[in-house]
Amino acid sequence: MKRIFVDYKKCLACKACETACALEHHPGGNLFGALGDLKTQINVRVLGIEQEAFPLSCRHCEPADCLNACPSGAISRDPESGAVLLDPALCKACAMCAMVCPFDAISFKVTHRSCYNRDVAYKCDLCNDRVKEGGVPACVGACHSGALVFAEYDAARGTRAAKSLRTYLLGAEGVPPHVELFRELRKKEFARRRGGE
Amino acid sequence: MKVVTAGTGMAAAEFVQRLRLEGFDGEIVMCSDEEFAPYSPCVIPFYLAGEPMDTVYWKGKDFYGRYGVSARLADPIIEVDAERRLVRTAAGRSETYDRLFYATGARSWYPRPEWLKTRGVFGFKTLTDMVAIDRYIREHGVRKAVVFGGGFIGVDAALALRHRGLEITLVHRNTRVLSQMTDGEGGEFATRKLAEKTGIDIRLRTTVDGIVENGGELSAVRFSNGDVMETPLLIVSIGVSPNSEPLRGDDKGVHGNEQMLADPCIYTAGDVAVTRHAVTRAKGVYATYPNAMMQARTAARHLFRGDGAYAGSINTNVLKKHIDFPIVSAGSFTGETVTWHRGDIWRRVYLLDGMINGYLIIGDTRISGYIYHLYLSRKRVDKTIRAILAEPRHDSYYRSMLGMVPV
């Protein structure tokens, strides 16, 4: 079973992942439809933390606290792909899932998948249908810098993840020289801005 | 082996599903005083708010058939004979068992049970209650309601009925609603914001002392300050008590050990079970779904495999249904406080020995999962918690993970 891992040191904060995710989950499937649409659902969010950037999304944990906390039967795991999926038709937006998710990966609003004209929980679905057809998640496909990697989630990692949540997030490290240079420049720029404030 | 469940609630359904998934092929009988497939009490207020009934059956409406269960419904268990290993029901039936799963839940507690004889007065606990309230609202064209009791269930009721379009008055004896899951200051903030955001008329330090009926139907309620308010609908939601009488003879709950055994052949779980808190080890009824589910899984595993132990309950809860204004809390509200407040967001952590002893997060859920894990993992946070709560972009977890010092 594969998961999306984050090699955050390679993230350039271009937000191509956010755009690709929005299009993938928008009924129109095009940028003009998704832009300015309040119901547009974006399941990945690039956090800016000082000079670093981190694309945040659901880790599809095993075991998943959100799945165990959901009292409406809305969250389940696809036995084939291992993806933790959320059914908006059953979701009551009670926030039991968000209350226990350490990654802040579950949000609430009226989306195009809302069934009763009220907010529902939404989160990354690992682009389950795309992946089953042999593709990669939209965000991974859109990432040009190698910060998002769709890779096999091995059993050893599961044991480590139980000890440290960090293991759910990070992929292999090792930064190419041009990205290292970009990081240095970004760090200097942030230091300059801080100094100027 | 024949397994009988007393109750068809969330704990019992989880227990039966787990047993079948493990491969248990013995006879299973589920008994309930209600007539439904297992349903989610968390979801049922949405039926009242106008959403489809089918979504309340959170493990499917065909549960009994799918898991090969004989259901004995609409007939409450009134006695458990542990020596002869049988249960007796109100209709005079009896059912023998090899193992009993006792998960009868809790019921509404009424200060004046005779009020319920008046049409228009209801409890707010079961799907039976919801169906009756729904029918009453439709048949009488009800436009307003009084909810007596501002605990979790009372606020849930008020918000669900408001969601349906009714004008709501919420009456609560305390100085704030949700008094069990909030402290004084946080609770008062939450109460004020709830009133602002919903327009619900919240009357604090007030109780309903009497009802006025007309031809067997409710016409008005009388408050403790002497005011009389006309209303065709009164919801009484001032408390619940565990349904432990058939097994224990009182309503103090049923103690379960680490294997959730109350007796060598009787497991217990859910809102009737008394368990230890995972952090404080204090005994109590910790009536939330995640606790019930883990208790039921512990029991099922022990029955089928003979091993496993329950790690303890957590008194964490969140109220967010029908309104985008979450109120999250856990632990106990004692110790040194660290508070952060800006606009609609109010956060407070109680520290004891440098670790989180309890917390209350109002207005958003963005750091609640991180705080929850800091609470459970018993990490020392006295040096960082101020920055974690005050981080304007709510990214404290990612800061800590990237090794960024909180600023």
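**Entry 1: B:Asp364**

I looked up B:Asp364 and found it buried, at 6% relative accessibility. Buried here means under 20% relative accessible area, exposed means over 50%, and partly exposed is in between, with a 1.4 Å probe and protein chains only. This is a predicted model, in which local features need pLDDT of at least 70 and side-chain atom pairs count only at pLDDT 80 or more, while totals for chains, interfaces and linings use all residues. I note too that residues are numbered from 1 along each chain as its sequence is written, that chains are lettered from A and ligands numbered from 1 in the order in which they are written, and that side-chain values use heavy atoms, with hydrogens and water left out.

B:Asp364 forms a salt bridge with B:Arg366, with 3.0 Å between the closest N and O atoms. A salt bridge is a side-chain nitrogen of Lys or Arg within 4 Å of a carboxyl oxygen of Asp or Glu. I found B:Arg366 partly exposed, its relative accessible area being 36%.

**Entry 2: other salt bridges**

I counted by this rule over all chains and got 47 salt bridges. One of the pairs I looked up is A:Arg130 with A:Glu24, at 2.9 Å from N to O. A:Arg130 lies in helix H5 (residues 128–132) of chain A and A:Glu24 in helix H1 (residues 16–24) of chain A, so this pair ties together parts that are 106 residues apart in sequence. Helices (H or I, at least four residues) and strands (E, at least two) are DSSP runs, numbered from the N terminus. A:Arg130 is partly exposed at 30% relative accessibility, and A:Glu24 is partly exposed at 32%.

**Entry 3: between the chains**

How many residues does each chain bring to the contact? I noted 38 residues from chain B and 38 residues from chain A, where contact means heavy atoms within 4.5 Å. The area buried between chain B and chain A is about 3,400 Å², and carbon and sulfur atoms give 64% of it. Buried area is the accessible area (1.4 Å probe) that two parts lose on being put together, summed over both.

I found 4 salt bridges between chain B and chain A. The side chains of B:Glu51 and A:Arg118 meet in a salt bridge at 2.6 Å, N to O. B:Glu51 is buried, with a relative accessible area of 5%, and A:Arg118 is buried, with 8%. I also noted a network of salt bridges that links A:Glu50, A:Arg194, B:Glu391, B:Asp395 and B:Arg399.

B:Thr316 is in the loop between helix H8 (289–305) and strand E23 (317–319) of chain B. I found B:Thr316 buried at 5% relative accessibility. Leaving aside neighbours within four places in sequence, B:Thr316 is in contact with residues including A:Met99, B:Tyr359 and B:Tyr372.

**Entry 4: chain A**

I listed 9 helices and 8 strands in chain A. Chain A has 197 residues, and 52% of them are buried. Of the contacts in chain A between residues at least 6 apart in sequence, 63% join residues at least 24 apart. The accessible surface of chain A is about 9,000 Å², and 57% of it belongs to carbon and sulfur atoms. Accessible areas come from the Shrake-Rupley method with a 1.4 Å probe, and for residues only the protein chains shown count as cover.

I then looked for a nonpolar patch on the surface and found A:Leu31, A:Phe32 and A:Leu35, with about 370 Å² of accessible area together. Patches are made of residues with over 30% relative accessible area and no salt bridge, like charges being joined within 9 Å and nonpolar side chains (Val, Leu, Ile, Met, Phe, Trp, Tyr) within 5 Å. A:Phe32 sits in helix H2 (residues 31–34) of chain A. Is A:Phe32 buried or exposed? A:Phe32 counts as exposed, at 73% relative accessibility.

**Entry 5: strands of chain B**

I looked up an open sheet of 3 strands in chain B, with the order E18-E21-E22 and mixed pairing. Strands E18 (254–255) and E22 (283–284) stand at the edges with a single partner strand each, so one side of each is left without a neighbour in the sheet. Two strands pair if DSSP finds at least two bridges between them. E18(B) pairs with strand E21 (residues 273–276) of chain B in the parallel sense over 2 bridges, and B:Val254 stands opposite B:Ala273.

E10(B) pairs in the parallel sense with strand E11 (residues 167–171) of chain B over 5 bridges. B:Val146 stands opposite B:Thr169 in E11(B).
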